[in-house]
Amino acid sequence: MPASMTGFASITIDGDFGHATWELRAVNHRFLDLHFRLPDSLKTLETACREACQKHLRRGKIDCSLRFIPSENAQFTVNTDLIKQLTAAQETIADLCPTSTPSDLLRWPGVIKNPSFDEKALAAWLLTGLQQALDELILMRAKEGTQLAKLLNERLQAIRPLVDTISQSVPDMLKKQREKLQARLAELTADVDHQRFEQEVALIAQRMDIAEEIDRLNAHCEEVSHVLQSDEAIGRRLDFLMQELNRETNTVASKSVDKATTHTAVDLKVLIEQMREQVQNIE
């Protein structure tokens, strides 16, 4: 079943290392676009986070953030060399920045060093939390994808009888055109070349022939139904099929010489546009 590209997940984990919260926000995007907001001391974790996301997600803009609070038992250290450098710089610009306080220095990146944990163990623990968040996000996107598939199938079922109606109306349209042409010829006083008349009728029938368009519309509907059952990333393929359905419907409408058929084609276009809007949200 298809998956939606939108979703949200928040997972909090507690352990010996402290308290960590992962948040994942996903919205529509043409490709997989990953953005990470990690604490400065954990920036090295980004590569592993990116690989974990790429393993499970195919499309969408994903904002991934981590808040990490070390355990109360952990001991922080101060980068004294950096403090000395910042203090010297502060004295140099004291006249320009008289309101600066020690707390300003503490906010400078790298002044406060996190406790010295086993980096591999900490990374493994944090990535376990990320995996839980990914599982929650995938589940949410799958549920929404199921609803989208239901909506698409409903509209697909509404399209099929409209296509059949147009197909069945073609002989009647041709009959009406023949009768209209005969009526106009009856108003003429000159003799009618019946062979030429039949040729003209044949040309009109050829211009009105929408058999190929109807066949392609039915084929595209079958393909949409088939694709919706796939577990792969199907958003782009569905988007292409919506374009093809719309193109064939436009051709049918342009060949129509009957108001009822034209109205039916418009109804088709409305349904296809509704499907196209939903497809934009499928992974």
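Colleague: So is E222 buried, exposed or partly exposed?
Modeller: E222 counts as partly exposed, at 48% relative accessibility. Buried means under 20% relative accessible area, exposed over 50%, and partly exposed in between, with a 1.4 Å probe and protein chains only.

Colleague: Where do these values come from?
Modeller: This is a predicted model, so local features need pLDDT of at least 70 and side-chain atom pairs count only at pLDDT 80 or more, while totals for chains, interfaces and linings use all residues. Residues are numbered from 1 along each chain as its sequence is written, and side-chain values use heavy atoms, with hydrogens and water left out.

Colleague: Which residue forms a salt bridge with E222?
Modeller: R160 does, with the closest N and O atoms 2.9 Å apart. R160 sits in helix 4 (residues 119-186) and E222 in helix 6 (residues 211-227), so the pair links distant parts of the chain, 62 residues apart. A salt bridge is a side-chain nitrogen of Lys or Arg within 4 Å of a carboxyl oxygen of Asp or Glu; helices are DSSP runs of H or I, at least four residues, numbered from the N terminus.

Colleague: How many salt bridges does the structure hold?
Modeller: It holds 12.

Colleague: New topic: what does R216 pair with?
Modeller: R216 meets E248 in a salt bridge, 2.8 Å from N to O. R216 lies in helix 6 and E248 in helix 7 (residues 235-255), so parts 32 residues apart in sequence get tied together.

Colleague: And is E248 buried or exposed?
Modeller: Buried, at 2%, whereas R216 is partly exposed at 33%.

Colleague: What about R247 and E248?
Modeller: Their side chains meet in a salt bridge too, at 3.9 Å from N to O. Salt bridges with shared partners join E212, E213, R216, E244, R247 and E248 into one network.

Definitions and conventions
Helices (H or I, at least four residues) and strands (E, at least two) are DSSP runs, numbered from the N terminus.
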